[in-house]
Amino acid sequence: MGPPGCSSDTIAPVSPLDSGAYGRVFADVYDDWYHDITDVDGTVAALAKLAAGGAVLELGVGTGRIALPLSQHTPVDGVDTSPEMLAVLESKPGAARVGARLGDMTALALDGPYALVLVAFNTFFNLPDDAAQARCIGEVRRVLGPGGRLVIEAAVPAVVDDDRPIHHDERRDDGAGGTIWTITTHEPATRTIHGVHVHRRADGTTVDRPWRIHYLAPPQLDAMCHDAGLALASRWADWSGTPWQPDDDRHVSVYRVARPLDPGTGPHAS
Ligand SMILES: C[S@@+](CC[C@H](N)C(=O)[O-])C[C@H]1O[C@@H](n2cnc3c(N)ncnc32)[C@H](O)[C@@H]1O
């Protein structure tokens, strides 16, 4: 059962959200809800080893969950479209170590060269369609230096039998005396999952927190990277380097620069 007026039968289609929407509705709760969504210590250890002291760029850096601890080991820049998420990052100790700036990961106002570009858990799927995702990968290739790597951490989409939308709703406590109803629709035909967290806080106020992802299966991501001149170097099931198996529900994929930039596309052809 869902919240009043929001049963799975009455979910309205959701238009694509603008690129600042996520931060506008999640910045105030992001760290409380998601600080331990992935293994931060393991992530930082693996990335520091891969970067080997070279400069790292995190796309969709958010509140600095990964970038801040990583910046204790290696230089880190970050871009994000959300001033609200960046304001949370900037309020934290050590924020001055991260070169965080407002920007869109599909059109980077940066040249690098970076040793490593990171897109942490499912952040890449915030980009609304294949075209935006391909533009982003092209930008990554442009700012990577010779021998540079791209690391993408993402969920592996469930295999579904047909293209009919799948609705789901669930309720949980917010840990602060409030309640969160989550109503989700998975549209396999468009590789989209969208939903809303209807958050009734302890003080009785309610806020809707909508989100939307456009997912890729690992082979689709490999093909997109290949088109931009990046080749899969390793695929792990976790940040300790466990080899990935097709039934794992998430992957950490490391891509390396595989061919020179096309003439005129950037200053770091390798
Ligand atoms: C799920 S949060 C992840 C934050 C951080 N990477 C982490 O792992 O904690 C996704 C972030 O991507 C940002 N974002 C969404 N679309 C973006 C875009 N087109 N360019 C840059 N950042 C974007 C959002 O504002 C948000 O901060």
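A polar contact, for what follows, is a pair of N or O atoms within 3.5 Å; within protein, one must be able to donate a hydrogen and the other to accept it, and residues adjacent in sequence count only if both atoms are side-chain atoms. Helices (H or I, at least four residues) and strands (E, at least two) are DSSP runs, numbered from the N terminus.

Some ground rules: this is a predicted model, where local features need pLDDT of at least 70 and side-chain atom pairs count only at pLDDT 80 or more, while totals for chains, interfaces and linings use all residues. Residues are numbered from 1 along each chain as its sequence is written, and side-chain values use heavy atoms, with hydrogens and water left out.

**Exercise 1.** Work out what caps the N-terminal end of H3, and what H3 packs against.

*Solution.* 
- Start at the cap: a side-chain oxygen of Asp 39 sits 3.5 Å from the backbone nitrogen of Asp 41.
- Next, the span. H3 covers residues 40–51, and its twelve residues reach 16 Å from first C-alpha to last, close to the 16 Å expected. The expected figure is 1.5 Å times one less than the number of residues.
- Now list what is buried (under 20% relative accessible area, 1.4 Å probe, protein chains only): among them are Val 40, Val 44, Leu 47 and Ala 51.
- Those buried residues pack against helix H4 and strands E1, E4, E5 and E10, with contact meaning heavy atoms within 4.5 Å.
- Just past the helix, Ala 52 takes a positive phi of about 50°.

**Exercise 2.** Find which residues Ser 253 touches, and say whether Ser 253 is buried or exposed.

*Solution.* 
- Locate Ser 253 in strand E11, residues 250–257.
- Check accessibility: Ser 253 counts as buried because its relative accessibility is 0%.
- Leave out neighbours within four places in sequence, and the contacts are Leu 150, Val 151, Ile 152, Leu 232, Ser 234 and Arg 235.
- One of these is polar: the side chains of Ser 253 and Arg 235 pair up at 2.7 Å.

Methods: Buried < 20%, exposed > 50% of the residue type's maximum accessible area, 1.4 Å probe, protein only.
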